[in-house]
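Hi,

Here is the model I promised to pass along. Please have it open while you read, and my notes follow just below.

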Amino acid sequence: MATKSSIEWTESTWNPTTGCDLLSPGCDHCYAERMSLRLRAMGQAKYANGFQLTLHESALELPLTWKKPQRIFVNSMSDLFHHSVPVPFIQRVFATMAKAHWHQFQILTKRSGRLLGLSDELDWPPNAWMGVSVETAEYKSRIDHLRNTGAAIKFLSLEPLLGDLGPLDLDGIDWVIVGGESGPGARPVQPAWIHGIRRQCEQAQVPFFFKQWGGVQKKRAGRTLDGRTYDELPQLLQPREIHTPGGAGDLVTGRFPKSTTPLLVTC
Ligand code: SF4
C-alpha cells in the first residue's frame, strides 16, 4: 500500500533511498533528519542507519504495486542526487517511474549540479516532474541547472523561503511551490518575499502553489495568502486514458498548453 503524505502538493511518498547530509541553509532544520532519527529510535528497520544515506533495493519497484494513480513524492526522506547514490541505482528509479506510467512522480533535489551532470544518462519519462529547492538568492543557479535537464516537467520548491529571491528567470519552469519554514526553530518568512514570487509567476503564467506560512505552529498560521489559497498545479499536455493494472481507466500525464485549465485538481 502506498504511504500517504500530509504534504500539501503530493499524495504519497516513495523512498528508494533514505538519509542525506546537510548541504545549505535550507537543510538546517531538516524534517527528514529529525524523522529518521525518531523512526530509528522507534525500531523501524528501514531507518536502522538513522540519517545515513542508505539504498533500499527492496523498495525500488514499490509503485508498480500501487494500482490507484497518484502523485508520488520520490525520496521525501532523502535526496536522490546525493553523491552516494550510484548512477545505476538512479537509473533503476527512473525505470520504475517509466514503467509505472499511471502515476505522476515528483523528485526534488538540492544537488542540482549532479542532476544536470547526469541528465543525459537518464531516460526522462513524461510522468517524472523534476524540481530543485531554492531557499535564498544565493542558490538561484539551481534553477539554471534544472532548466537544462531533459525533464518534461520542471518545478521549483522555494521552501523554506529564507530571504528575498529577487528577479527569477521562470523560462521553462512549469510550477512554483512557495512556503515558509515550519517546526522547532522555524525562521520567519516575510510576506513581501512571497508577494514578489507570486507576481512573477502571474507575469510568466507559471502555476503558483502557496504551501504554508510555516512557523512553530504551522496549522495555526495556515496557508491563506491575501484571503485565498493558491493550489495551482502544472498544466499538462493531452490527457490520455491509461489503464492501470486494476483495469480502471484514469486520466493522467501529458501537458496542456499554458492557457488551459490544469488537469489535476488540488490535494
Ligand atoms: S537536501 Fe533535503 S533531505 Fe538532504 S539534508 Fe537537506 S533538506 Fe534534508
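**What I found**

Leaving aside residues up to four places away in sequence, G183 touches H29 and Y31; two residues are in contact if their C-beta atoms, placed from the backbone, lie within 7 Å. The C-alpha atoms of G183 and Y31 are 8.2 Å apart, although 152 residues separate the two along the chain. G183 sits in the loop between β9 (175-179) and α5 (191-204). It counts as partly exposed because 15 other C-beta atoms lie within 10 Å. For that scale, a residue is buried with 20 or more other C-beta atoms within 10 Å of its own, exposed with 12 or fewer, and partly exposed in between, with C-beta atoms placed from the backbone.

**Before you read on**

This is a predicted model: local features need pLDDT of at least 70, side-chain atom pairs count only at pLDDT 80 or more, and totals for chains, interfaces and linings use all residues. Residues are numbered from 1 along each chain as its sequence is written.

The mean pLDDT (the predictor's confidence in each residue, from 0 to 100) of the protein chain is 89, and 88% of its residues reach 70 or more. Two stretches call for care. Over residues 237-244 pLDDT stays under 50, and the model has 21 contacts beyond four places in sequence for them. Over residues 246-267 it also stays under 50, with 51 such contacts in the model. Where pLDDT is low, the predicted coordinates should not be read in detail.

**The overall picture**

The protein chain has six helices and 12 strands; these are DSSP runs numbered from the N terminus, with helices (H or I) of at least four residues and strands (E) of at least two. Of its 267 residues, 38% count as buried. Among contacts with a separation of 6 or more, 68% are between residues 24 or more positions apart.

Eight strands form an open sheet with mixed pairing, in the order β1-β2-β5-β6-β7-β8-β9-β10. Its edge strands are β1 (3-4) and β10 (208-212), each of which pairs on one side only. Two strands pair if DSSP finds at least two bridges between them.

**Walking across the sheet**

Let's take β5 (residues 71-74) to start. R71 and F73 point one way from this strand, I72 and V74 point the other way, and all are buried. Strand β2 (residues 12-14) pairs with β5 in the parallel sense over three bridges. Within that pairing, T13 has F73 as its bridge partner, and W14 has V74.

β5 also runs parallel to β6 (residues 104-109), joined by four bridges, and here the bridge partner of F73 is Q106. Right-handed means that, with the strands pointing away from the viewer, the path from the first strand over the helix to the second runs clockwise.

How many of the residues of β6 are buried? Six of its six are, so to speak, under cover. Q104, Q106 and L108 lie on one side, with F105, I107 and T109 on the other. β6 and β7 pair in the parallel sense over five bridges, and I107 stands opposite M130 in β7. The chain gets from β6 to β7 through helix α3 (residues 112-118), and this crossover is right-handed.

Next comes β8 (residues 153-158), which is largely enclosed by the rest of the structure because six of its six residues are buried. I153, F155 and S157 cover one side, and K154, L156 and L158 the other. Strand β7 (residues 128-133) pairs with β8 in the parallel sense over five bridges, with S133 opposite S157. Together β7, helix α4 (residues 141-147) and β8 make a right-handed β-α-β unit. On to β9: four bridges join it to β8, and the two run parallel. There, L158 has V178 as its bridge partner.

**Around the ligand**

Which residues surround the ligand? They are C20, L22, L23, G26, C27, C30, A32, E33, S78, D79 and K110, where near means a C-beta atom, placed from the backbone, within 6 Å. By class, this shell has six nonpolar, two polar and three charged residues. Here Ala, Val, Leu, Ile, Met, Phe, Trp, Tyr, Cys and Pro count as nonpolar, Asp, Glu, Lys and Arg as charged, and the others, Gly among them, as polar.

Best wishes
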